[in-house]
Amino acid sequence: LLSCQSGEQSQEICRLKEDFCTTKQLLQQSQSLAEEMKSKKESLERELKVLNEKVNKQNESLQKMQCAVSDLEKHQDSLQQLLQHKENTIEKLSIKLEGLESLESIVAQCECLKKEVEILSLRKTENEQLLDQFHSEKEGLMSKMSSLENALMMEQIKSNDRVTGVEAENEHLSMEIKKLRCVVEEKKH
C-alpha cells in the first residue's frame, strides 16, 4: 500500500514538475514578449517624439505665417487709405477743373493721379491674392497639425494598452508558478 501511494506521489510530483516546466516556459515566453513590447514601446516613444517635434515646427510655421498675414493686412489697410485719399484728390481736382483756365496742367495732374490710383489698385489686388494664399496655407497647416495630434494620441493609447496587457499576463503567470512550487514542496514532504 505504501509502495502504491509512493508511486502515485512520484507520478504526481513528475506531473507537477512538468506543469512547472511548462509554466516556466510560458513565463519565459511572456518575459520575451514583454521585452519585445518594451522595445516596441521605446520605438513608439521615439516616433511620438518625432511627431511632437513636427507639431512644434508646424506651430512655429503657423505663428510666422500669422505674423506675415497680420503685416499684410496692415499694409492692405494703409494702401486702402492712400487709395481713398488719391481718389478724393482726383474728385476735388475734377471739380476745380471746370472753373480753372489752365486745363492742360490740371488734366496732366489728373492723369498722374489716375496712374497712381491704378498702381495702388494693382498693389491692393496683389495683396489680396497674397492674403488668400496665406489663409489657404494656414488652413493646410492647421489640418496637418490636427492629423499629427490625432496620430500621436492614438499611438500613445495603443502603446499603453499593449504594455498593460503584457504586465497583467506576467503577474498572472508568476502567481501560477508560485502556486505550483507550493504544491510541489507539499508533495515532497
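**Reading the model**

Guide: Q58 is placed in helix α1; helices (H or I, at least four residues) and strands (E, at least two) are DSSP runs, numbered from the N terminus. This is a predicted model, in which local features need pLDDT of at least 70 and side-chain atom pairs count only at pLDDT 80 or more, while totals for chains, interfaces and linings use all residues. Residues are numbered from 1 along each chain as its sequence is written, and side-chain values use heavy atoms, with hydrogens and water left out.

Visitor: Does Q58 count as buried or exposed?

Guide: The general idea is a cut-off on relative accessible area: buried means under 20%, exposed over 50%, and partly exposed in between (1.4 Å probe, protein chains only). Because its relative accessibility is 16%, Q58 counts as buried.

Visitor: Which residues is Q58 in contact with, leaving aside its neighbours within four places in sequence?

Guide: Contact means heavy atoms within 4.5 Å. With those neighbours left aside, Q58 is in contact with L141, K144, M145 and L148.

Visitor: How many helices and strands does the protein have?

Guide: There are two helices and zero strands. Helix α1 covers residues 2–97, and helix α2 covers residues 103–188.

Visitor: What share of the contacts with a separation of 6 or more comes from residues 24 or more positions apart?

Guide: Such residues account for 91% of those contacts in the protein.

Visitor: What does the radius of gyration say about the overall form?

Guide: The radius is taken over C-alpha atoms, and the globule rule is 2.2 Å times the number of residues to the power 0.38. A compact globule of 189 residues would have a value near 16 Å, whereas the protein has 41 Å. The C-alpha trace spans about 145 × 15 × 15 Å along the principal axes. Of the 189 residues, 22% count as buried.

Visitor: How many salt bridges does the structure hold, and where are they?

Guide: A salt bridge is a side-chain nitrogen of Lys or Arg within 4 Å of a carboxyl oxygen of Asp or Glu. The structure holds two. One joins K40 to E36, with the closest N and O atoms 3.4 Å apart; both residues lie in helix α1, four residues apart, about one turn of the helix. K40 is partly exposed at 40% relative accessible area, and E36 is likewise partly exposed at 40%. The other joins K86 to E116, with the closest N and O atoms 2.8 Å apart. This pair links distant parts of the chain, K86 being in helix α1 and E116 in helix α2, 30 residues apart. E116 is partly exposed, with a relative accessible area of 32%.
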